[in-house]
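Colleague: Hi! Could you walk me through this one?
Modeller: Happy to, let's look at it together.

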Amino acid sequence: MFHTIARFELRYQVGNPVFWVATVMFFLLTFGATTAESIRLGSGGNIHTNAPTAVAQIQLIMSLFFMFVTTAFVGNVVVRDDETGFGSIIRSTRIGKLPYMFGRFSGAFLGAAVAFLAVPLAIWIGTFMPWVNPDFLGPNRVQDYLWGYFVLALPNLLITSAIFFAVACWTRSVTYSYLTVILFMFGYFALTAMLRKWPDLSVAAYFEPFGSIAYSLGIRYLTPIQANTQALELNALLLGNRLLWLAISAAIVVIAVWRFRFAERGVSKSDAKRQAAREQKLAAVTPVIVDRLPANTPERAAWHQLRTRTLFEMKLIFKSPAFWVLALVSALNLFSTLNLAGRFYDVPMWPRTFAIVDGVRGASVLITLLMAIYFAGEVVWRERERRFNEIVDATPLPNWAFLISKLAGVAGVLLVLCVAVVLLESILFQWARGLTDIEFGQWLAWFVAPSALYVIQISVLAIVVQAVSPNKFVGWGIMLLYLIAGTVFAGMGLNHPLLNYAEVTVPLSDMNGANYGGTEGWWLRTYWTMFAAILVVIGHLMWRRGTAVTLDGQWRTLPARLRGKPLAFLSSALLVTIVMAGFLYYNMNILNHFVSQEEEENRLARYEKEYSQYVGLPQPTLTDIKLDVDLQPSRRVARFDGSYRFVNATAVPIETLHVRMMIPLVPLRSVSVPGAKLVHEDKVNNHRIYQFDSPLQPGASGSLTFQSVYEKRGLATLPSDKRAYEFDAQPAPNGAYLTNLGFAPFLGMNRSGFLQGNNLRRKYGLEPELPTPQLEDEAALAWSYVGVDRVNTDITVTTDADQTLVVTGARVSDSVANGRRTARFVSPIPTLNFITIQSARYDVKTADADGVKLSVYYFPKHPMNIDRMLAVMRDSLDYYRKNFGPYQYSYARIIERPDYGGGANSAPGTVGYSEKAGFTMDFRDPQRLDFLAYVTAHELAHQYWFHQVMPADVQGAEVLTETLSQYSALMVMKHRYGPDQIRQFLKYEHDYYLQGRRKEAADEQPLARVNKQGYIHYNKGSIVMYLLQEHLGEERVNTVLRGLLDRYRFKPAPYPRSSDLVDGLLALARTPEERELILDQFYRITLYDLRAKQAMVRSLPDGRFETTITIHAAKAYADGKGNERQAEFNEHVNVGVFTAQPGDSGFGRENVVSMQRLPIRSGEQQIRIVTQRKPVYAGVDPYLTFIDRNLNDNVMPVSDSRGNDS
Amino acid sequence: MLHLKGVEHVYPNGTRALDGVTISIGKGMFGLLGPNGAGKSSLMRTIATLQTPTAGEIRFGDIDVLTEPGRLRSTLGYLPQDFGVYPRVSAYDLLDHMASLKGITSAADRRATVETLLVQTNLWNVRTKTVAGFSGGMRQRFGIAQALIGNPKLIIVDEPTAGLDPEERNRFYNLLVEIGENIVVILSTHIVEDVADLCPRMAVLAAGRIQLDGAPGELIQRSRGTVWATTIDRDRLDEMKAAYNVIATRLFAGRTVVHVLSERDPGNGFSAVEGSLEDVYLSALAHSRRASQRAA
């Protein structure tokens, strides 16, 4: 019986259109996601499209989305019999409940399992497609496909089948099952986001039903080569997860079947009683009865009808369960968005309005789109579906009220949910997080008004699309196309704001408000609102009132019905839209430059082809810069008058001078070079070539004067690349941040500014990028890493009187006259040619650190972390001056600037922070890593490791700039907070380094040869330098650094390289073991595996405790692709016993019972430690100083050993 | 009051649902009788402004229905053949909503309308229940309640008694009769009894055409002497059908009673039948069938 039913069910499902639609859809999805080079789901970088990990990952991801299909399969198993009325027939036959239910379930599940085969099939077929780059493919191995299908996909299908089968049995409604899926999806994503933050992921892995955490734990540190070649194994964690959840799903099915009743439920006694009471109450009311019914006055009722109808639509939506499910989901989603917003190294931020509005809008937009699309379909087709259309259509409701009331109903609901409720929730969140000065003005201008318009525009689109669609599903389909259209358009380069319906982006800032892009934003919103008005007229005219009205018929008779008011309305909306489009186009494309990504790439490619011939020509060196800057922030204008002095520092005469603007949009005016004439002027690329009348002899000098202007004309588009916002926003009315990169010309020609990325370069027919010179390339030591000269600067800036100026150099004068402030800044010593000019209404707080004036220039509403910054600056300078040498300026500044995507940076004597980086981090929880202190110390360290010592432009240059700044900051942190915060920090560094390896698209380099690979020079660098100072001694390491500084401080070529540092460290080595340790860190990619396998404690007769720890140690060397070979481990490593787990909150020095550095060798060994106190935890390398892929197994709980036999 | 002239309706798929309907309907109950598929609902919807005829003219009093549908809707009560309702809305709220849609703007007027109608249709005690949960009869009574809002001058009820038990049907008709005195009420049905019981005037619609119209009594009178009956064994039915114009057969005590149409006494055991409205109706249908067969 079971088999018959199951077989029947499978046949039924396979014959169902849902089966084929799902199969085709998932085939296409997978096929597209794996064969499109821009997507390459599950792979990317050097990982093959059909690598074992990719094949598994795709099936894992698809199996999650497949739950919508599974639900359709199992959901209607029970429900369909109720709906067709066939249920009572079946249930009256001899078929028992168990075979019926289990048979049905099995059949439906098998149907889903068969349909899912489309996914592995699509990957496999995709590998044969001619357009797939063969570099991205490896051999197809059947077992990889089977592994993903049977280990990941099939159990997941079973789990979702079980859950939604149970839901369908319980609710007996397909709709509720679907709503549960949506809820489940959001819940699932929220849960995983939360679980991934757990300290011990191996525990979290069990709570996650689909094995994605367990799976990713297994593969997260695989290098590309391992990911491509190693067959995946079913490790204990994944197996445990699968078994646990299979058991849970089996239990769910059993409970669902057990609870399922064939018969309908009756009414309980208490229900009956309550009902009787209610009826009595109802009967007690006396109705108003009239002899003659009141007459109607429909000709005067239009507004009343519209209002009633709108409220009625809203009420119906509010009453629908779908609304509540979506509303709940949106509230949860918003909460998690708010909670996770702006976290960096898990440090939360102060939820200031400007900082969270984007996230809040993102969350609200998502739910707006979902709800508008879903409810537009429901609302427009409601009367027809409910067969109430004839009654309503025959009432004297005016024609226009049909569309308008539906529209107002949907928009009204969304205004309540996506604007009012979201606003309330966000403000409550701010309040709860201690932000009491809620800025209602900002909320109104940045969220309420824009979102309200957006909601209306999207509702119009969704409703009108439904009104012109033959049925609800086509309407939904069209709206889904709209959803992906934005992405597709952007991919095609169609990212002009006049093309993307309702999309308006305005970058926000506390300092600068919505001054950047705000006006344009309002123009665009008005434009799209007028466009929506056109849609409304069309929707109204296409509305099908009555029973025999077809789309086709409406379309044919449209001109006739257009006459009169609709025409007047339509033509005025059309006129306004067109005029606005023309006006905006004129402003954006003619007055200003609108450059699509592709056009800009094209220009760069052509520029490189034309000008790369000049790279390497001898060029003069810049020595002095004098600038006069007229800054008018409120008018958004800045004028620069500059003069350069340069000298021929080469050994040959120089014939030509190249004068180049790095950002060619800023026009350079009236350049003059005395003694030279302009021989080539390229206005597109802003590149000029001057020929000296007589060649500039070695040692001879010359001069150049120029003028340039920043000026905003009319309304401009935002750059398509967000990284360009910061430059494009200048001069900002409050918080101007002008760098010479933007406003001043560069002399000479080099490769900077050329198109980057080899794929992109290939597309435009350019040679692959020039490789960074080898570490051993002595000739390359003549070129500095940044390629800018050290210059004397003398800068005078005039700005609005109420603004404070901070400019590169020491402040020489500062005065106010005629409502204008003028200040002059002169560099005390030649500094790297990075000039910044900042002007804003700042508050300033200063402190003194042994003769150095520390100042923080900040926005008055961001005083939260100022004292912390000053204290860290003092700590840092103390440490650096004591251990590294003198600090070169009499001042050190931290300057805040508006958040347009920039982060932290270091200019001469200055650390720059954007609003979100640093100033608004929230450190009220002392358990959090003080990341601000870390970054501040790091950026200040650059005053030594960049501004004093500049490396040569060879491999490993970042070791001397970034790794040493990381080290310096770590030392400041160690003295400030002790080793516990360091442990917390190193844990992040391990994770970022190991994940960075995985994403590597080229070769991983050893640290000393790092080639602009952040995960190596920042994250691995921190771990390495911390380990070395632990083993070689902090003081001794600092001696080496001091030596390096003494030798290279401010010196011209030859510049230092990473091997200078390594050689210095090698000189410290006291044993061959230490020497190897250093070489392992810098010249090899070394990975360690340190593990505590067992820890037992027993009491000794003298009252002390003896802990026996079994330690496993291993070491491996990896090549650039991740191939590993084992090596001998032979190091001194810390072994400790504790009364608390290192890394737990509250762990402190007092919890360390014993910590000794002991020799450890490859393989297993037992260590005995005798202590006075009884330990609870024991382990090896508890502070995580060796690079180790599993940090969770270094320390383990100690168990009591029974008896005295050991 | 209501005049239709040459009303035709051809659906996009070519079905000719109405084929030149011309008829005048005065105050009082008017029965429109016809088999399923005769075009009754098409005609009702056309009058109710829900579909525009392909050709023809419709006037109600001084209203040209086709050019001023809004004016007709202001004074129209329409109960479609088959209607559903919104989920999760009570009878009271839905009726109140309908009152608004019909243009009763004052809250007091709406209250009087809704409560009077709920009492009149005997739904007062269940006013807070959702209409979706109503039985067929309750739902039809709700339907007539909404049709009565605002004192319409034209009420169209399309097949209102399908699926009602005799008691419910009775209650429903009492309601209709009460209101049908001073206004035009068109009742479309395929049940002869309904028309016989209620309507002073009637018409038979078949194949999209009015086959006959007049007062039921008059029509019966006219048919006197043309309908004949005999009782035969079942196996002789085919023979009878071949020989006579059979308009109806029914079983009685195991044998078959055959009604035939004939201007003269067909002899052969037939005896004259005291004509009923049913015979009138059936003979009209037989005529129409024949006409269409000839045309084909």
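Colleague: What percentage of the 296 residues in chain B is buried?
Modeller: Buried residues make up 46% of them. Buried means 20 or more other C-beta atoms within 10 Å of the residue's own; exposed means 12 or fewer, partly exposed is in between, and C-beta atoms are placed from the backbone. Do keep in mind that this is a predicted model: local features need pLDDT of at least 70, side-chain atom pairs count only at pLDDT 80 or more, and totals for chains, interfaces and linings use all residues. Residues are numbered from 1 along each chain as its sequence is written, while chains are lettered from A and ligands numbered from 1 in the order in which they are written.

Colleague: Thanks! How many helices and strands are in the secondary structure of chain B?
Modeller: Chain B has ten helices and 14 strands. Those are DSSP runs, numbered from the N terminus: H or I with at least four residues for helices, E with at least two for strands. Its C-alpha atoms fill a box of roughly 70 × 45 × 35 Å along the principal axes.

Colleague: In what order do the strands of the six-stranded sheet in chain B come?
Modeller: The order is S6-S7-S8-S3-S9-S10, in an open sheet with mixed pairing. Two strands pair if DSSP finds at least two bridges between them. S6 and S10 (209-214) of chain B are the edge strands, each pairing on one side only.

Colleague: And how many bridges join S6(B) to S7(B)?
Modeller: Four, and the two strands run parallel. One of the bridge pairs is B:Gly77 with B:Ile155 in S7(B). H5(B) lies across S6 and S7 of chain B, at about 165° to S6(B). For such angles, axes are lines fitted to C-alpha atoms, for helices over the stretch in contact, and the values run from 0 to 180 degrees between N-to-C directions.

Colleague: New topic: how many residues of chain B are in contact with chain A?
Modeller: 41 residues of chain B are in contact with 35 residues of chain A. Contact means that the C-beta atoms, placed from the backbone, lie within 7 Å. On the chain B side, H4(B) gives the largest share, eight residues.

Colleague: How does that side divide into nonpolar, polar and charged?
Modeller: There are 17 nonpolar, 16 polar and eight charged residues. Ala, Val, Leu, Ile, Met, Phe, Trp, Tyr, Cys and Pro count as nonpolar, Asp, Glu, Lys and Arg as charged, and the others, Gly among them, as polar.

Colleague: Over in chain A, are the faces of S8(A) covered or open?
Modeller: Both faces are covered: A:Ala736 and A:Leu738 on one side and A:Tyr737 and A:Thr739 on the other are all buried. In a regular strand the side chains alternate between the two faces of the sheet.

Colleague: Which strand pairs with S8(A) over four bridges?
Modeller: S15 (residues 836-840) of chain A, in the antiparallel sense. A:Thr739 stands opposite A:Thr836, and A:Tyr737 has A:Gln838 as its bridge partner. The open sheet has the order S8-S15-S11. S8 and S11 (804-807) of chain A each have a single partner strand, so one side of each is left without a neighbour in the sheet.

Colleague: Last one: where is A:Gly342 found?
Modeller: A:Gly342 is in the loop between H16 (321-340) and H17 (353-380) of chain A. This glycine counts as buried because 21 other C-beta atoms lie within 10 Å. Leaving aside neighbours within four places in sequence, A:Gly342 contacts A:Met349, A:Ala355 and A:Lys916.

How values were computed. Two residues are in contact if their C-beta atoms, placed from the backbone, lie within 7 Å.
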